[in-house]
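Hi everyone, thanks for coming along. Let me put the sequence and the structure up on the screen, and then we can walk through them together.

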Amino acid sequence: MNNSDNTPEDTLLKCHRDVLWWKSMVEYTETEIIFINKLLNSNAFETTHDTVFEILNTFKNQIKTETKALKNLKEIIDGHDIKMRGMMECDDLSCDAVYLSNHESLKVHFEKFLKDFFEYKLKIYNYIGSILKQS
């Protein structure tokens with residue numbers, strides 16, 4: 001767990017903060033998914049174009065995929081959080097390196113999920129903004 005300028009405790013604290021942030025973002029994303037599902041299934045859209053229902057169905061199918069990916073990611077993060085406790089018991093650098101490598105790998109996976117989910121939301125919001133009923 002020894003980075004050049006960090007003590008093992010500093011590194012463990014940084015990893016713990018990452019996990020807390022990831023869990024927070026997962027909860028936030030779960031709430032967003034609930035909202036997006038309600039939005040996609042609402043009657044708030046002008047349906048004058050033939051493709052509206054087709055495009056909305058595509059978004060609905062994608063939200064199912066995003067939901068599954070988030071559930072999988074949440075399970076991985078929870079498992080990682082439990083395994084992180086083993087970092088405190090590491091006595092050698094090779095043990096530390098395994099935990100840090102797993103942590104960095106999960107960090108990359110999490111960041112990719114968020115980036116992809118943000119892009120998905122942007123597509124939905126841009127499209128839905130163009131077909132909302134006018135009051």
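Which pattern does the chain follow, read along the sequence? The pattern is α-α-α. Please keep in mind that this is a predicted model. There are 3 helices and 0 strands in the chain.

Now for the overall shape. The radius of gyration of the chain is 20 Å, while the globule rule gives 14 Å for 135 residues, so the chain is more spread out than a compact globule. You can see that in the dimensions too: along its principal axes, the C-alpha trace spans about 65 × 25 × 20 Å.

What share of the 135 residues is buried? Buried residues make up 33% of them. As for the surface, the accessible area of the chain comes to about 8900 Å², and 55% of that belongs to carbon and sulfur atoms.

A word on charge. The chain carries 17 positive and 22 negative side chains, and the centres of these two sets lie 9 Å apart.

Let's move on to contacts. If we take the contacts with a separation of 6 or more, residues 24 or more positions apart account for 82% of them.

Next, the inside. In soluble globular proteins, nonpolar side chains tend to be buried together. Here, the largest nonpolar core has 31 residues, and the ones that touch the most other members are Leu40, Ile77, Phe110 and Tyr120. Each of the helices H1 (8-40), H2 and H3 (93-131) supplies at least two residues of this core. The largest share, 11 residues, comes from H3.

Let's zoom in on Ile77. Which residues does Ile77 touch, leaving out those up to four places away in sequence? They are Val19, Trp22, Lys23, Val26, Leu106 and Phe110.

Over in helix H3 we find Leu114. Is Leu114 buried or exposed? Its relative accessibility is 7%, so Leu114 counts as buried. Setting aside residues up to four places away in sequence, Leu114 touches Trp21, Met25 and Thr29. For a sense of distance, take Asp10: Leu114 and Asp10 are 104 residues apart in sequence, and their C-alpha atoms are 26 Å apart in space.

Now a charged residue, Glu32, which is found in helix H1.

One is Lys71, whose place is in H2. With a relative accessible area of 54%, Lys71 is exposed.

Why does Asn72 count as partly exposed? Because its relative accessibility is 40%, which falls between the 20% and 50% cut-offs. Asn72 and His109 are 37 residues apart along the chain, and 11 Å separates their C-alpha atoms.

Methods: Residues are numbered from 1 along each chain as its sequence is written. This is a predicted model: local features need pLDDT of at least 70, side-chain atom pairs count only at pLDDT 80 or more; totals for chains, interfaces and linings use all residues. Side-chain values use heavy atoms; hydrogens and water are left out. Buried means under 20% relative accessible area, exposed over 50%, partly exposed in between (1.4 Å probe, protein chains only). Helices (H or I, at least four residues) and strands (E, at least two) are DSSP runs, numbered from the N terminus. The radius of gyration is taken over C-alpha atoms; the globule rule is 2.2 Å times the number of residues to the power 0.38. Contact means heavy atoms within 4.5 Å. Accessible areas come from the Shrake-Rupley method with a 1.4 Å probe; for residues, only the protein chains shown count as cover. Lys and Arg count as positive and Asp and Glu as negative; His and the chain ends are not counted. The place of a charge is taken as NZ of Lys, CZ of Arg, CG of Asp or CD of Glu. A nonpolar core is a set of buried Ala, Val, Leu, Ile, Met, Phe, Trp, Tyr and Cys residues joined through side-chain atoms within 4.5 Å.
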